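This report describes selected local features of one protein model.

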Amino acid sequence: MNERPLSVAHDKKPSNSTAIIVSVSFSSAVWLFAGILLLGYLAKSPPSCVGTFSCLTLDAWGTYLSGVFAPLAFFWLVATVWIQSRELAQQREELALTRKEFEHNREVMKAQSDYVGAQTDIVVRDQADHELLMLLRLFRTWALSHLSKTEFKVPPVDVGTFTKQTPDDPIDFIVAVSGRLSHPIFMIMFLDDKDYLKEFEHLTSETVEELAEHYDRIYAMRPRVSPANSALLKQLKATVSSEDIRTVAKELPSIMGGIDDYTGVAT
């Protein structure tokens, strides 16, 4: 965005005060010539005097000079007021142009600030998206290690309900795992169907609690990431929440004590 220079207000044509002064000076010279030479010599003098000026007394000289210079002073006063009014008008115009320049510069600065803010927000969200991707990769590594159920064959096969035949992509992986967790958790939480606890039989309460902590860290990224990833996390949280996972964890045996037959009675 190109910014106009502030000096536009000073690119006006220079004031014609000099021309006015020259004109007034020329008019004053003409008036003095007419008043002193022509009027003085053309005026009729009394018979007893030789020439007009020789007949003037001191009072007459004062009256004569005031008659000559009074209009001249008034003429210069009018000219001075005229020059000052024109200069004030030009100053007001320059101030108006300067005010417009300040308003334009303020708009330019605001636009630049908005642009920088938008670029900064993009950078911050890109960093948050990268951090989220790292968390999803970490979650996939942890889940394949702790949620899987290995069937000892050659080669070994993962037959765990939550991790078998899951995608390699970390985003697709957590979507698949969350979908597989949502159904048994719903049946346990809302229909109180304890039979679905068997899908967690290869896990301990500590492992499921750690699973909830992974989801907490992932869901905490939502305010910072891009809108697309924010929508993804919103959908995941609607599918399975960390609070529901913790509720199921309380129904599972603990490595510290254990629970008989998933009934909630500690042994």
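Phe-74 is found in helix α2, which spans residues 58-146; helices (H or I, at least four residues) and strands (E, at least two) are DSSP runs numbered from the N terminus. The model is predicted, so local features need pLDDT of at least 70 and side-chain atom pairs count only at pLDDT 80 or more, while totals for chains, interfaces and linings use all residues. Residues are numbered from 1 along each chain as its sequence is written, and side-chain values use heavy atoms, with hydrogens and water left out.

Phe-74 has a relative accessible area of 56% and is therefore exposed (buried means under 20%, exposed over 50%, partly exposed in between, with a 1.4 Å probe and protein chains only). Together, Phe-74, Leu-77, Val-78 and Val-81 make a nonpolar surface patch of about 400 Å². Such patches consist of residues with over 30% relative accessible area and no salt bridge, nonpolar side chains (Val, Leu, Ile, Met, Phe, Trp, Tyr) being joined within 5 Å and like charges within 9 Å.

## Packing of α3 and α4

Helix α3 (residues 170-190) packs against helix α4 (residues 205-219) at an angle of about 130 degrees, their axes being 14 Å apart. The two helices are therefore oblique to each other (angles under 35 degrees count as roughly parallel, over 145 as roughly antiparallel, 65 to 115 as roughly perpendicular and the rest as oblique). Axes are lines fitted to C-alpha atoms, for helices over the stretch in contact, and angles run from 0 to 180 degrees between N-to-C directions.

## Positive phi in loops

Most residues other than glycine have a negative phi. Gln-165, not a glycine, has a positive phi of about 55 degrees; this residue lies in the loop between β2 (157-158) and α3 and is exposed at 78% relative accessibility. Asp-192, also not a glycine, has a positive phi of about 55 degrees and is found in the loop between α3 and α4.

## Salt bridges

The count of salt bridges is nine, each being a side-chain nitrogen of Lys or Arg within 4 Å of a carboxyl oxygen of Asp or Glu. Within helix α2, Asp-114 and Lys-110 are four residues apart, about one turn of the helix, and their closest N and O atoms are 3.2 Å apart.

Arg-246 forms a salt bridge with Asp-216, with a closest N and O separation of 2.6 Å. This pair links helix α6 to helix α4, 30 residues apart. Asp-192, Lys-194 and Glu-251 are linked in a network of salt bridges.

Conventions: Areas by Shrake-Rupley, 256 points an atom, 1.4 Å probe, with all protein chains shown as cover.
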